[in-house]
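Here is a briefing on one structure. Please read it alongside the sequence and the coordinates.

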Amino acid sequence: MKFNLKVWRQKNAKAQGKLVDYTIDNINADMSFLEMVDVLNDNLTRKGEDPIAFDHDCREGICGMCSMYISGRAHGPHHAATTCQLYMRSFKDGDTIYVEPFRAGAFPIIKDLVTDRSAFDRIIAKGGFVSVNTGQAQDANNLPVDKADAEKAMDAAACIGCGACVAACPNSAAMLFVSAKISQLALLPQGGPERNNRAINMVNQMDEEGFGNCTNIGACEAECPKEIKLTNIARMNREYLVASLINE
Amino acid sequence: MSELNSKIPEGPLADKWNNYKEHAKLVNPANKRKLEVIVVGTGLAGAAAAASLAELGYQVKAFCFQDSPRRAHSIAAQGGINAAKNYKNDGDSVFRLFYDTIKGGDFRAREANVYRLATESRNIIDQCVAQGVPFAREYGGLLDNRSFGGSQVSRTFYARGQTGQQLLLGAYGALERQIGLGNVKMYSRHEMVEVVTIEGKARGIIARNLITGELERYFGHAVILATGGYGNVFFLSTNAMGSNVTAAWKAHKKGAYFANPCYTQIHPTCIPVTGDYQSKLTLMSESLRNDGRVWVPKTKEDAKVIREGKKTAVDIKEEDRDYYLERKYPSFGNLCPRDIASRAAKEACDDGRGIVPSGLGVFLDFADAIKRLGVEVVKARYGELFPMYQNITNEDPLKTPMKIYPAVHYTMGGLWVDYELMTSVQGLYCLGEANFSDHGANRLGASALMQGLADGYFVIPYTIGNYLSSEIFVKPIPTDHPAFLEAENEAKARAEKLIGTKGKKTVDDFHKELGKIMWEYCGMARTAEGLTHARKLIQDLRKEFWSNVNIPGSLDEFNPEFDKAGRVADFIELGELMVIDALNRNESCGGHFRTEYQDAGEAKRDDANFAYVSAWEHTTVDADPVLHKENLVYENIQLQVRSYK
């Protein structure tokens, strides 16, 4: 297969970036998208040109590091998959493919397709945990959890923190990400005493990082590689509202 | 050759850890605040250690090369975590988990460490549940368990097919909490490139800021490496692309012994290699062997027509299939340990009965499980795994059997550590997969998560105090100390040499070549002749690398190709040590199979001559390393031929 690529190139955070054209040939349909970029980078390196910088690590859809905006979609056209789980069989021979970084004010570009998503870590640091020091736990089975709640908590906990929700959202909102963590912990009995502070603190940090607001568009849910549901945002709003009333 | 002191506490096996904890020296809270600890790596072991030490009051600096501590490769572990809770009332106990682990490791692990691991396994589950890790539950609300390879009880706790992810996010949450409280300073996108030692003690590290390329100096009263395994020495493995040996290798070159490097785990259930462009291999969790049955056709003729695409699995009648694991190991069947299942797959394929075009693949069939349980139950049990397989291979495992083949997955070898997890360098610790300690020559499924978290949550917080209690008078050493300068200059000189080489071959050219050598000569079957040849090939490759590698860009920018080059340089040196170790070990045990030492395909151990840990001391790159032996003493169990028949 042959492809025309238009790839965002930007030397560093301060430099002006632009789309650069590349063509690539002899691509096997069973290659992953990132393996196609590997081949392109190999060609560039051999020609003495600077290879395209991009984030990737596990290449099996779980670490959340890969993050490309491909032809107008976060992680590309394949539903419920990360960039590393996208295979070239999803494209037609001769396609023109646009490759850009995850764009958001809160995700500054480091180089080419690599962005700084540390805002997510700072939000988690404000309450995305249960405050239990090592060694303070009771026996695990002393705290039964309704299976249905545990399953729902697991659905929310499946978030890989890639930031596709932010990239897909016209408002650059991080609500799907933040609500996934708040939901996971709100659905479980653990950490109940800090539930209100968690909602307030995480939402405040989210705002401080410069993420936008939710206007119920749903692009985040549509593009989430782990199929995190919009209902989590509703749950987060409820948590936040209740917490605001109680804390007043 | 000198004897190594493993500092195993006195007393009966079951009391050793308690005795140790009750007598270990303590550091009072006011002094903890003055002590700084560096933790490199933020996977299960590193994140758990950093969080737990910060909770205790130490000042922690944590480092990871990824953009966030949450990305560490522990996240990819699928199947589960073992714990001797005996919630199933099926006869499990600490002793049984201990025994299964020792036996699974082919009697090449330290008794006292493994017993401690089995003991702490119970606390881990309590801790993780308290953190809000959403483990699978039964309808009554209690925790669910499943069985895993190498054991006859159900002791594996799991969170769908994403157990590693959920445990890591629990540890990451604990770490972020401490970062938020100001007790941990987090440095992501930083890679450790040197250990700094002063008067024989580890006192800091040099780290490369991967965004700016700058070398930065950091002081610590102690340094903990929790930097994972070295499976990527094979180029193709189930490890993440960035997983590397660099931190451990730099420590090795500064005096930390490297133990049992030849013990590598080849995981039996991975998606087979399909092309040269492939960048990594994908694991299908071992838990699939609970319900999946492994088979190849009985005849070469049937296998051939399947390879040619003229027939598919369903065309082969039941009586013409060879469920070889069930046939060879009736009491464990498809749940026999990984090394055994991998070798059996290799044997079937070497016999010409492989079922993928390359000849290197076998079936993993769920038809019986679907008949017994129904499609929905099977789908629910394995969560993401089936769609993941289908996405990669374009085949639906609910309709046609999976095709699998062994791939490099885990490394049991690593930096030598004593009972306190301290390396042979004072004040330098090593946790998790990066150390050698608990799995012997083969790791059982669902035990890696257990070991990483035991080391990080429940071992190091006690053992490091025993050392730091004597460091309370040491003031933080300014990083303009000559030792820091020297270490930085060393790293700088190496970097400049690499980037200045401007040769003809890419970093991946060398990495792939190294991988081929390692897989062919130091993979699933090894011979003295092959290993001797491999050593020469690796030496030549190393020389060529340093004179002919081509790295684009410069040192003062974000440059992933340069980062990769530094890692490959270390992998090449490690590869040679692995070959030396494999050549020295004239026996077969666990993940180390020497063709010369076997009984009709079963590994033949030599306890009289090799019941020891090989701990290698680095000399110079061109000279032989020095072998130190730690004799393995078994006081509580009988060494026996490992049988799963």
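Six residues of domain 1 of chain B are in contact with five residues of domain 2 of chain B. Contact requires that the C-beta atoms of two residues, placed from the backbone, lie within 7 Å. This is a predicted model: local features need pLDDT of at least 70, side-chain atom pairs count only at pLDDT 80 or more, and totals for chains, interfaces and linings use all residues. Residues are numbered from 1 along each chain as its sequence is written, while chains are lettered from A and ligands numbered from 1 in the order in which they are written.

**Domains of chain B**
- Domain 1 covers 268–407 and domain 2 covers 488–631; the bounds come from an automatic or database domain assignment.
- The C-alpha centres of domain 1 of chain B and domain 2 of chain B are 31 Å apart.
- Helix α10 (residues 338–350) of chain B gives the most to the domain 1 side of this contact, with five residues.
- Helices (H or I, at least four residues) and strands (E, at least two) are DSSP runs, numbered from the N terminus.
- By class, that side of domain 1 has one nonpolar, one polar and four charged residues.
- Ala, Val, Leu, Ile, Met, Phe, Trp, Tyr, Cys and Pro count as nonpolar; Asp, Glu, Lys and Arg count as charged; the others, Gly among them, count as polar.

**Interface with chain A**
- In chain B, 64 residues are in contact with 66 residues of chain A.
- α6(B) supplies the largest share of the chain B side, nine residues.
- The chain B side has 24 nonpolar, 26 polar and 14 charged residues.

**Helix α3(B)**
- 13 of the 13 residues of α3(B) are buried, so this helix is largely enclosed by the rest of the structure.
- Buried means that 20 or more other C-beta atoms, placed from the backbone, lie within 10 Å of a residue's own.
- Gly57(B) follows α3(B), and its phi is positive, near 115°.

**Sheet β7-β8-β9 (chain B)**
- Three strands form an open antiparallel sheet in the order β7-β8-β9; strands pair if DSSP finds at least two bridges between them.
- β7 (190–198) and β9 (215–219) of chain B are the edge strands, each pairing on one side only.
- Eight bridges join β7(B) to β8(B) (residues 201–209).
- Val196(B) stands opposite Gly204(B) in β8(B).
- Helix α15 (residues 482–500) of chain B packs on the sheet and touches β7, β8 and β9 of chain B.
- The direction of α15(B) makes about 140° with that of β7(B); axes are lines fitted to C-alpha atoms, for helices over the stretch in contact, and angles run from 0 to 180 degrees between N-to-C directions.

Technical notes
A residue is buried if 20 or more other C-beta atoms lie within 10 Å of its own, exposed if 12 or fewer, and partly exposed in between; C-beta atoms are placed from the backbone.
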